[in-house]
Amino acid sequence: MLLIGLTGSIATGKSTVSSLLSSPPYNLPIIDADLLARKVVEPGTAGYNAIVSYFGPTTPDLLVPSGPDMPENGPTGKGRPLNRPALGRRVFGDSPEVRKDRARLNSIVHPAVRKAMALAVLKAYVKGYRAVVLDIPLLFESQLDKFCGTVLVVGVKDPKVQMERLRARDPHLSQEDAENRVRSQGDVREKAERALERGEGRGCVVWNDGDKRELEEQVRRVFWQGVVEKYSPRWWAWFLWICPPAAVGSALWNYWANLRVDRRWKEKKEAERAKL
């Protein structure tokens, strides 16, 4: 089974591509890290309790306010849901304090999300899926790209396009808030370069500066025909399914190959910084 790491940045069209891949003619299962991240911090979970314990004393509006439609102990009696905009203001930005808070939040959420993703991948393998999509905004930053046979980056070449789409999608965000959210997910053009560093068939990019029809055509031509059909034919997927040891061996080989790519990428960036 081919693990496809889908990533990009905020407002570049990653969710649109995820929706395309989950629909005909692809019909691939999508493991959405954002959705899992919400589930692992629902009231009553260990993640929720850890966040409330750490951020609650210094964030008065951390929880959704109680009222006629929100009981004091929440709809389930396990606590009121997190006020995500308030939490976002604590963790989006570049100051040392904000980076510390973001690191703390990630240390709570990421391990739980990884566990949930691993279980979802196992279920997809047991069901005999040819490929599964790991929809992860911070794929490279979380080091999860090393487990993927292929990485697909959805990007925009013009940063202004990204900002305009974000402000149109989330008009409640100020210019500063929008810029902080874009910066928090890294430069998507560097992610695209990093994906292509993996080599043909192992990393690809679709540019979403045009309309949806252009994006759909790129997904079909660049990604599906150029990667999945070419480098992960159906017979190979069936072979890995009926021979679990081969699937394990393939996964280990992919991980080793990705470690080499990551090392080469870091050396390249260090050389570029040394020239400055």
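Mentor: The radius of gyration used here is taken over C-alpha atoms, and the rule for a globule is 2.2 Å times the number of residues to the power 0.38. The model is a predicted one. For 276 residues, a compact globule would have a radius of gyration near 19 Å, and the protein agrees with this because its own value is 20 Å. Taken along the principal axes, the box filled by its C-alpha atoms is roughly 55 × 50 × 40 Å. Eleven helices and five strands make up its secondary structure.

On the α4 side the contact involves L87, R90 and V91, which meet V98, D101, R102 and L105 of α5. Sorted by class, this contact of α4 with α5 has four nonpolar and three charged residues, and no polar ones.

In the other pair, helix α6 (residues 159-169) packs against helix α7 (residues 175-184) at an angle of about 120°, and their axes lie 10 Å apart. That angle makes α6 oblique to α7. The crossing of α6 past α7 is right-handed. From α6, the residues in contact are Q162, M163, L166 and R167, and from α7 they are Q175, A178, E179 and V182. By class, the contact of α6 with α7 has four nonpolar, two polar and two charged residues.

In general, most residues other than glycine have a negative phi, and most peptide bonds are trans. A11 has a positive phi, near 65°, although it is a residue other than glycine; A11 sits in the loop between β1 (2-7) and α1. The peptide bond from P24 to P25 is cis, with omega near 10°. P25 belongs to the loop between α1 (14-21) and β2 (30-32).

Finally, an unreviewed UniProt entry places the feature "transmembrane region" at residues 235-256. In the model, this stretch of residues 235-256 is 95% helix and 0% strand, with 24 Å between its end C-alpha atoms.

Conventions:
Residues numbered from 1 in each chain as written. Predicted model: local features only at pLDDT ≥ 70, side-chain atom pairs only at ≥ 80, totals over all residues. Heavy atoms only, no water. UniProt positions renumbered as here; feature names shortened; annotations may be inferred. Helix = DSSP H or I, 4+ residues; strand = E, 2+ residues; numbered from the N terminus. Axes fitted to C-alpha atoms, helices over the stretch in contact; angles between N-to-C directions. Parallel < 35°, antiparallel > 145°, perpendicular 65-115°, else oblique. Left-handed = near helix turned anticlockwise from the far one by under 90°. Contact = heavy atoms within 4.5 Å. Nonpolar A, V, L, I, M, F, W, Y, C, P; charged D, E, K, R; others polar.
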